[in-house]
Amino acid sequence: MAKPLPADWEERHSNSRGVPYYFNRTTGQSVWERPTASTSASSTTTGGAPQKVRASHLLVKHAESRRPSSWKSPTITRSKGEAREIITSFRERIVSGETDLPTLAKTESDCSSAKQGGDLGFFGPKQMQKAFEDATYALQVGELSSIVDSDSGLHLILRTA
Ligand SMILES: O=C(O)CN(Cc1ccccc1)C(=O)c1nc(-c2ccccc2)[nH]c1C(=O)O
């Protein structure tokens with residue numbers, strides 16, 4: 001029987017790895033190992049300030065997106081299913097090594113960050129949509145997410161710091 005988690009820690013599920021990870025609601029830290037009392041003692045690597053992360057992403061919008069419009073297309077009419085097929089193909093091309101996320105985001109992302117190769121800079125807890133934040137914090141630096149669904153559309157996320 002697993003020991004109860006220390007205060008402020010919760011177990012979450014990493015879609016990209018299919019395993020649980022542990023998230024500290026106070027510091028925003030994510031760890032793969034089940035935390036014990038000693039983890040919570042060292043739970044902040046920055047003396048208490050919530051840990052910031054950096055990521056780049058590729059956004060494919062669809063007709064159900066909250067704002068179905070982008071620099072690429074004034075009116076986005078593709079279905080969510082079509083968007084999923086498109087972003088799945090993009091992910092396969094990245095995983096195969098044919099291209100990389102920043103290169104593909106520049107021409108294919110429906111986010112205004114496309115011009116910067118999808119780079120969003122550093123952000124901390126509560127700054128991004130929950131699904132996007134949770135997915136990013138579950139990634140190790142250098143890891144590519146599975147397809148992430150937010151109100152804006154479908155994303156591939158590459159954690160860069
Ligand atoms: O969701 C909305 O109502 C409109 N948005 C939000 C938005 C709009 C412009 C700039 C940044 C964010 C978007 O659709 C959107 N979301 C994002 C986004 C979502 C998650 C992480 C990073 C960016 N980018 C965009 C964009 O047009 O460029």
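Residues are numbered from 1 along each chain as its sequence is written, and side-chain values use heavy atoms, with hydrogens and water left out. Because the model is predicted, local features need pLDDT of at least 70 and side-chain atom pairs count only at pLDDT 80 or more, while totals for chains, interfaces and linings use all residues.

Start with the ligand. It is surrounded by 14 residues, and the closest are Lys-61, Arg-66, Arg-67, Ser-112 and Ser-152. Here a residue is near a molecule or strand if one of its heavy atoms lies within 4 Å of it. Sorted by class, that shell holds five nonpolar, five polar and four charged residues. The sorting goes like this: Ala, Val, Leu, Ile, Met, Phe, Trp, Tyr, Cys and Pro count as nonpolar, Asp, Glu, Lys and Arg as charged, and the others, Gly among them, as polar.

Which atoms reach oxygen atoms of the ligand? With Ser-112, it is a backbone N or O atom that lies 2.9 Å from a ligand oxygen. On its own the ligand has 530 Å² of accessible area, and the protein covers 72% of that. Such areas come from the Shrake-Rupley method with a 1.4 Å probe; for residues, only the protein chains shown count as cover. The contacts themselves are polar contacts, meaning pairs of N or O atoms within 3.5 Å; within protein, one atom must be able to donate a hydrogen and the other to accept it, and residues adjacent in sequence count only if both atoms are side-chain atoms.

Helices (H or I, at least four residues) and strands (E, at least two) are DSSP runs, numbered from the N terminus. Is Lys-61 buried or exposed? With a relative accessible area of 6%, Lys-61 is buried, since buried means under 20% relative accessible area, exposed over 50%, and partly exposed in between (1.4 Å probe, protein chains only). Even so, Lys-61 has no salt bridge, and the nearest side chain of opposite charge, Asp-110, is 6.9 Å away. For charge, Lys and Arg count as positive and Asp and Glu as negative; His and the chain ends are not counted. A salt bridge is a side-chain nitrogen of Lys or Arg within 4 Å of a carboxyl oxygen of Asp or Glu. What Lys-61 does have is the backbone oxygen of Ser-69, 2.8 Å from a polar atom of its side chain. Along the chain Lys-61 and Arg-78 are 17 residues apart, and their C-alpha atoms are separated by 8.0 Å.

How many salt bridges are there in the whole structure? The search finds 11. One of them pairs Arg-54 with Asp-119, the closest N and O atoms being 2.5 Å apart. This pair links distant parts of the chain: Arg-54 belongs to strand S4 and Asp-119 to strand S5 (residues 119-123), 65 residues apart. Both ends are partly exposed, Arg-54 at 30% relative accessible area and Asp-119 at 22%.

Another salt bridge joins Arg-12 and Glu-10, with closest N and O atoms 2.6 Å apart. Arg-12 is buried at 14%, whereas Glu-10 is partly exposed at 22%. Lys-130 and Asp-134 meet in a salt bridge too, at 2.9 Å from N to O. Here Lys-130 is partly exposed at 46%, but Asp-134 is buried at 18%. Put together, Glu-10, Arg-12, Lys-130 and Asp-134 are linked in a network of salt bridges.

Lys-130 and Asp-134 both lie in helix H4 (residues 130-138), four residues apart, about one turn of the helix. An α-helix has 3.6 residues a turn, so residues three or four places apart point the same way. H4 is mostly covered, with seven of its nine residues buried; among them are Phe-132, Glu-133 and Tyr-137.

Lys-126 is exposed at 76%, and its phi is near 75°, a positive value in a residue other than glycine. Met-128 is partly exposed at 28%.
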